[in-house]
Amino acid sequence: MAATADTVERVKKISVETYKYGFETEIEMDRIPKGLNEDIVRMISAKKDEPEWLLQWRLEAYRRWTQMEEPDWAKVSFPKIDYNDYYYYAAPKSMGDKPKSLDEVDPKLLDTYKRLGIPLDEQERLAGVAVDAVFDSVSVATTFKHKLEEVGVIFMPISEAVAKHPELVRKYLGTVVPTTDNYFAALNSAVFTDGSFVYVPKGVRCPMELSTYFRINAQETGQFERTLIVCDDDAYVSYLEGCTAPMRDENQLHAAVVELVAMDNSEIKYSTVQNWYPGDENGKGGIYNFVTKRAQCRGVNSKVSWTQVETGSAVTWKYPSCILQGDGSQGEFYSIAITNNLQQADTGTKMVHVGKNTRSRIISKGISAGRSDQTYRGLVKMLPNAKNARNFTQCDSLLIGDRCGAHTVPYIEVANPSAAVEHEATTSKVSDDQLFYCRQRGMNEEKALALIVNGFVKEVLQELPMEFAVEAQALVEISLEGSVG
Amino acid sequence: MLSIQNLHAQIEEDGKEILKGLTLEINPGEVHAIMGPNGAGKSTLGNVLAGKDGYVITEGSVFYKGQDLLALEVEERAHAGLFLAFQYPVEIPGVQMLNFLRTCTNETRAARGLPELSGMDFLKLARAKAAELKINPDMLKRSVNSGFSGGEKKRAEVLQMALLDPQFAVLDETDSGLDIDALRIVAEGVNALRDDKRSFLVITHYQRLLDYIKPDHVHVLADGKIVRSGGPELAMELEERGYVDYEKAA
């Protein structure tokens, strides 16, 4: 409609706040040579002073990876990635001596996190949130470590955990996402650099939110983090990850693996606010985000919730999943995915019901604007023993303008007659009438759009820890600036 | 207050002319009714005054309190005190009425240089206005117009009008789809807002709304022009004779 086109043109002229996390930190980096081969894998392992078993584990993953094919079933397209054209390890030189405390950390690094709104100084940090800050390939600081140790919670960079708690890491690493699970998981297993490790012992309710903040800074560098969270019997933890990167013209690679293990009656709440650089309005640059996230509800009545707010990245390929093994276990997936300009996202979840009386709930809210394309891809699988298993899925898509796309691809496999699966899906469009109505009542176009979109995603925002819900809401608004149609 | 001179407006998409030289003067405190057959351009007039996209003004002018109304953006017109009660209020799922109204009120206050109202203060104000208008305050907790009955939607429009405190309100077929009880409640709400400064333009097809909202002036709009003006007695005449004469004229 002419009116819509006119609106789009008019709004384009409104100054668009550019990606505000796009600055670069100038810092001397220690890098290993570009490219990927067995020597590189050995070098990464050596940089991390890893035990022999982990090196072998990596090498095995690398060998398997070389025999695998990059998946092509997702509804995304991008030029072929030359995996030899990336650096697989980059760390600030000043981190070479492993600073013992925050006082010894390079002020440039502390300043970077401060500018990102993540002050690592414990005095300034939001009370009740512990942060592990990962800069390219290394963790630069973890706050509140000692306070957590008092209650027995282990929260540290995974490279440190390999040295300090090898028995725990070895027991769980790769048990939820095997090294050969998929192409990107195999790649990650071979070259992962840092990430967080969390262990919450039996009966402990983690007294604060745990959070990891990932920052890709160095040029032509991939980030391959690995996170492992284990919640023992009757324990509880809430964990949040955030991510940003500088604006660069070339695409950067991010292939993470996250494994969650929930034992009897335990609960893990995992929230993500993903705001990797999405590329410019012509689709130049941005992060390729290929992530494998999976939770195993091993124990009876265990529970895992994934909540994600995905606004960044040029290409997203991500399906946080739950294997509901323990009887009575529960999996939840709450997602807001926003694509603007030329972003592409193929995201969703997998709920695999193995045990009896298992329940899962999927609420997915996709918003497409600009010329972006978005796909919800979800699998609900009820295995033969999943007696009385229940699933509820709701997938809503909201379109802004008339040049974007939204697709819903649900897969449902039921092998137990007592299982019940419910699926609801809607697609709607922010209409000119809605915008006119809001403006007639005194709102400008941007405000009106933010209000309409917030109404659409509210159900999911409510699932985020309170400290981050406000931030996420602001992010939703910024991501859609200049996209009214 | 409002001065419309020789206004010509066409639909952008197909160039069809709807308003063909409409002239109308409204003074502060006056209530004008515009009546006319279907397709005469009644709703177009309301939309053009509010600044809806999709129309092209080819000739004429509209001055509102001495300002060139047509040069203002939709929200600027609202800030200047123009309110349009919609014939078909728009649904906005998931957005709580209270939050919607507070955002509207604070945006308007900001534009007028007034301080923002806190959530608490606004809630008190909204509840008080709802009580004055005999509107169930539970409406404030629901999503904007979502699942509202026809009567509820129109009552919500009157509540919004009361909160935004406009100087000039256009009521576009506010009576359509209402039963007689709902009509009375809505009309009482409008009457409660009448004073010697605020003006109303009541657009309607039927005379019955004017039994409740007594106009000072009645105009007949046919084929894009005001073809006759008079006092309340004109509405009575239309009720008896219908629009037959005017349809022929068109």
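Colleague: Which side chain meets that of A:Arg63 in a salt bridge?
Modeller: That of A:Glu38, at 3.0 Å from N to O. A salt bridge here is a side-chain nitrogen of Lys or Arg within 4 Å of a carboxyl oxygen of Asp or Glu. The pair links distant parts of the chain, 25 residues apart, with A:Arg63 in helix H3 (residues 52–66) of chain A and A:Glu38 in helix H2 of chain A. Helices (H or I, at least four residues) and strands (E, at least two) are DSSP runs, numbered from the N terminus.

Colleague: What are the ground rules for the model and the numbering?
Modeller: This is a predicted model: local features need pLDDT of at least 70, side-chain atom pairs count only at pLDDT 80 or more, and totals for chains, interfaces and linings use all residues. Residues are numbered from 1 along each chain as its sequence is written, chains are lettered from A and ligands numbered from 1 in the order in which they are written, and side-chain values use heavy atoms, with hydrogens and water left out.

Colleague: Is A:Glu38 buried or partly exposed?
Modeller: Partly exposed, at 25% relative accessibility. A:Arg42 is partly exposed at 38%, and A:Arg63 is partly exposed at 33%. The scale is buried under 20% relative accessible area, exposed over 50%, and partly exposed in between (1.4 Å probe, protein chains only).

Colleague: How many salt bridges over all chains?
Modeller: The count comes to 32.

Colleague: And how many across the interface of chain B and chain A?
Modeller: Five. B:Glu157 bridges to A:Arg441, for instance, with the closest N and O atoms 2.6 Å apart. Salt bridges also link A:Arg439, A:Glu445, B:Glu73 and B:Glu75 in a network.

Colleague: How much area do the two chains bury?
Modeller: About 2400 Å², 60% of it on carbon and sulfur atoms. Buried area is the accessible area (1.4 Å probe) that two parts lose on being put together, summed over both. In contacts (heavy atoms within 4.5 Å), 36 residues of chain B touch 24 residues of chain A.

Colleague: Where is A:Ser335, and is A:Ser335 buried or exposed?
Modeller: A:Ser335 is in strand S17 (residues 330–339) of chain A and is buried, with a relative accessible area of 2%. The side chain of A:Ser335 makes a polar contact of 2.9 Å with that of A:Gln308. A polar contact is a pair of N or O atoms within 3.5 Å; within protein, one must be able to donate a hydrogen and the other to accept it, and residues adjacent in sequence count only if both atoms are side-chain atoms.

Colleague: What about B:Lys42, buried or exposed?
Modeller: Buried, at 4% relative accessibility. B:Lys42 is in helix H1 of chain B, and a polar atom of its side chain lies 2.8 Å from the backbone oxygen of B:Gly36.

Colleague: Last topic, confidence. Where does pLDDT stay under 50 in chain A?
Modeller: Over residues 1–17. pLDDT is the predictor's confidence in each residue, from 0 to 100. Where pLDDT is low, the predicted coordinates should not be read in detail. The mean for chain A is 85, and 88% of its residues reach 70 or more.
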